[in-house]
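My notes follow the structure.

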Amino acid sequence: MTEQMKGPASARENDDWDIVIKPSKGNAPDLGLVWRYRDLVWMFFKRDFTTFYKQTVLGPVWYIIQPSLTAMTYYVVFGKIANLSTDGLPPFLFYMSGTIIWSYFAACLTNNSEVFSKNANLFGKVYFPRLVVPLSVAMSGLVAFAIQFLLLLTVAAGMKIADPDLALSYWFLLMTPLVLLYTAVLGVGAGLVVSALTVRFRDLVYAVGFMTQLWMYATPIVYPFSQIPERYHWFYYINPMTAPVQAFRWALFDVSALPVGLLLANLGVTVAITICGLALFSRAEANAMDTV
């Protein structure tokens, strides 16, 4: 009997591979593949946290110093000098609540704006779903938010003891995770849009910080939504950060709620930005290493 020899091509066809890497089809990333690499998200999260505070003096204490100083600065400039309303809330609580939710969004956006350029060496050596990196950035931001949120609750509890008339709502137990999820999705989605565009337009990264700062002032962070003239409300319908900031304050301090139409409009804009970001990021992923 003679044994038929198999060529390399035939051998490969009969092999059972553990993982088969194929080019993605269409503009949507393979979210199932991202889920299989969830352990890598956790590894990147630990790497970012360790690297950021390595050889620092105060470490995570900066998470408390930064929003506290920011809130006090807003109080002096916008509360005392500009004399803007705070919807009847103590100024520190008003500014602090807006600052910490905005800081989380800004971190997701700006830290994801250079995903391809900052990780070019890693992306060029080993394959894994590139979407893992933006997701780990969103997880890293949760550490800062958790510390700042505990600070806000501690100060609010102290003020409640000093002033029993201060309104505190228990809705935050339900709403805070929803607000965080919304903000993370929006921040990552917007960051994916920017990161995909910066592959081709390098100078766009220099505008991200400036545009983020302008976006903050266009959001009711240092002023309440109730003080905005009705003729300008249309703008806040298309500003997707209006909903989480105001919903967060409502859940904590029972301030005036937003119209349902505005909430739905903000949600629609967020979904559109996220879908656009995923599509652009998936397309940029295919040839990013050739252009970065």
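**Entry: helix 4 on helix 5**

From helix 4, Gln 66, Pro 67, Ser 68, Thr 70, Ala 71, Tyr 74, Tyr 75, Phe 78 and Gly 79 take part; from helix 5, I listed Pro 91, Phe 92, Tyr 95, Met 96, Thr 99, Ile 100 and Ser 103. I sorted the residues of this contact by class: 10 are nonpolar, 6 polar and none charged. The classes are nonpolar for Ala, Val, Leu, Ile, Met, Phe, Trp, Tyr, Cys and Pro, charged for Asp, Glu, Lys and Arg, and polar for the others, Gly among them.

Helices here are DSSP runs (H or I, at least four residues), numbered from the N terminus, and strands are runs of E (at least two). Axes are lines fitted to C-alpha atoms, for helices over the stretch in contact, and angles run from 0 to 180 degrees between N-to-C directions. Under 35 degrees counts as roughly parallel, over 145 as roughly antiparallel, 65 to 115 as roughly perpendicular, and the rest as oblique. I noted the crossing as right-handed, meaning the near helix is turned clockwise from the far one by less than a right angle (anticlockwise is left-handed).

**Entry: what the model is**

This is a predicted model, where local features need pLDDT of at least 70 and side-chain atom pairs count only at 80 or more, while totals for chains, interfaces and linings use all residues. Residues are numbered from 1 along each chain as its sequence is written, and side-chain values use heavy atoms, without hydrogens and water.

I checked pLDDT, the predictor's confidence in each residue from 0 to 100. The chain mean is 82, with 84% of residues at 70 or more. Residues 1–12 fall below 50, and that stretch has 2 contacts beyond near neighbours in sequence.

**Entry: helix 5 on helix 10**

I turned to helix 10 (residues 204–217), whose axis comes within 11 Å of that of helix 5 and crosses at roughly 155°. The two are therefore roughly antiparallel. Trp 102, Phe 105, Ala 106, Leu 109 and Thr 110 of helix 5 meet Val 208, Thr 212, Trp 215 and Met 216 of helix 10. I counted 7 nonpolar, 2 polar and no charged residues there.

**Entry: helix 8 on helix 9**

Helix 8 (residues 132–162) and helix 9 (residues 172–198) cross at roughly 145°, with axes within 11 Å. Their crossing is right-handed.

**Entry: record check**

The unreviewed UniProt entry marks transmembrane regions, including residues 92–110 and 131–158. I found residues 92–110 to be 100% helix, with end C-alpha atoms 26 Å apart. Residues 131–158 are 96% helix, with ends 41 Å apart by C-alpha.

Conventions. Contact means heavy atoms within 4.5 Å. UniProt positions are given in the numbering used here, feature names are shortened, and annotations may be inferred rather than shown by experiment.
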